[in-house]
Amino acid sequence: MFTADSARKWIQLSAKQIQENKDQLSQLDQTLGDGDHGLNMERGFNAAVDQLDQDTTDAGKVLKGAGTSLLSKIGGASGPLYGTFFMKAGTSLGNQDRADVQELSKAFRTAVDNLKKRGKTEQGEKTMVDVLEPVTEFMEGQKDTLDPDELEQKAADALNKVIEFEAKKGRAAYYKDKSIGKQDAGAQSAYYLIAALATVLKE
Ligand code: ADP
Ligand code: MG
Ligand code: MG
């Protein structure tokens with residue numbers, strides 16, 4: 001179900017989504033941060049596409065490589081976090097050429113747990129975790145098949161809820177309760193990554 005080709009398409013499509021929504025991501029970050037999230041993500045994902053492992057049949061290796069590119073190129077708070085997410089997902093997939101739904105959800109669990117550890121954060125603190133973890137929980141509830149439309153819907157629902165959270169992490173935390181009612185840039189970019197994955201899983 002999820003192969004090295006899926007992994008490559010996921011990274012490429014994520015880069016495209018980020019590129020198309022770069023200004024929106026920076027605008028959100030302008031309101032609750034320093035306004036560079038779109039640029040950071042664009043730089044990171046363009047590097048991940050440039051350095052994509054085109055030869056391997058190993059999905060884990062593709063994601064690990066992408067994580068390394070993101071870690072070194074995004075910069076900012078989100079670089080180490082997304083870098084950790086993709087590297088750990090890749091490590092969890094190991095060297096197999098095809099992951100099923102359970103293996104993919106296990107990879108997401110490992111990835112999100114390590115991201116949380118790295119960011120010292122939990123769900124509900126108005127970050128990318130508030131999209132990535134509900135999506136992971138949804139995947140964990142699936143058995144043999146994963147409906148891509150449902151996956152994207154879960155991400156969209158989770159993203160909507162983030163607006164009402166109060167920021168507890170990163171620059172947005174300085175705004176305290178003034179952050180309520182505004183969207184978090186990292187949650188928005190996490191949504192685009194999941195939307196890209198849903199598109200790949202439809203093929
Ligand atoms: P910076 O804040 O250094 O400019 P970015 O703008 O690229 O970095 O990323 C900001 C995003 O990173 C936030 O919108 C939030 O989603 C996420 N973030 C910041 N700190 C944390 C953290 N400790 N844990 C999880 N996510 C975080
Ligand atoms: Mg920023
Ligand atoms: Mg910054």
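1. Helices α7 (129-140) and α9 pack at an angle of about 35°, with their axes 7 Å apart. Here the axes are lines fitted to C-alpha atoms, for helices over the stretch in contact, and angles run from 0 to 180 degrees between N-to-C directions. Helices (H or I, at least four residues) and strands (E, at least two) are DSSP runs, numbered from the N terminus. In this pair, Asp130, Val131, Leu132 and Val135 of α7 meet Ala187, Ala190, Tyr191 and Ile194 of α9; two residues are in contact if their C-beta atoms, placed from the backbone, lie within 7 Å. The residues of this contact divide into seven nonpolar, no polar and one charged. Ala, Val, Leu, Ile, Met, Phe, Trp, Tyr, Cys and Pro count as nonpolar, Asp, Glu, Lys and Arg as charged, and the others, Gly among them, as polar.

2. The model is predicted: local features need pLDDT of at least 70 and side-chain atom pairs count only at pLDDT 80 or more, while totals for chains, interfaces and linings use all residues. Residues are numbered from 1 along each chain as its sequence is written, and chains are lettered from A and ligands numbered from 1 in the order in which they are written.

3. Helix α9 also packs against α2 (residues 22-32), at an angle of about 155° and with the axes 8 Å apart. The two helices are therefore roughly antiparallel to each other, a term for angles over 145 degrees. The contact joins Leu25, Leu28 and Asp29 in α2 to Ala185, Gln188 and Ser189 in α9. Its residues comprise three nonpolar, two polar and one charged.

4. The largest nonpolar core has 62 residues, and Val131 and Ile194 have the most contacts inside it. Such a core is a set of buried Ala, Val, Leu, Ile, Met, Phe, Trp, Tyr and Cys residues joined through C-beta atoms within 7 Å. Helix α9 (residues 185-202) gives the most to this core, with eleven residues. Ile194 touches Val131, Val135, Leu151, Glu152 and Ala155, leaving aside residues up to four places away in sequence.

5. Of the 18 residues of α9, 14 are buried, and the helix is mostly covered. A residue is buried if 20 or more other C-beta atoms lie within 10 Å of its own, exposed if 12 or fewer, and partly exposed in between, with C-beta atoms placed from the backbone. The end C-alpha atoms of α9 are 26 Å apart, which agrees with the 26 Å that its residues should span at 1.5 Å a residue. The expected span of a helix is 1.5 Å times one less than its number of residues.

6. Helix α1 (residues 4-20) reaches 24 Å from its first C-alpha to its last, close to the 24 Å expected. Its buried residues include Trp10, Ile11, Leu13 and Ile18, and also Arg8. Among the elements that cover the buried residues of α1 are β1 (2-3), α2, α3 (37-50), α4 (59-73) and α9.

7. The loop between α6 and α7 holds both Lys120 and Lys126. Phi of Lys120 is near 50°, and phi of Lys126 is about 65°. Most residues other than glycine have a negative phi. Lys120 counts as exposed, with 8 C-beta neighbours inside 10 Å, whereas Lys126 is buried, with 29 other C-beta atoms within 10 Å.

Notes
Angles under 35 degrees count as roughly parallel, over 145 as roughly antiparallel, 65 to 115 as roughly perpendicular and the rest as oblique.
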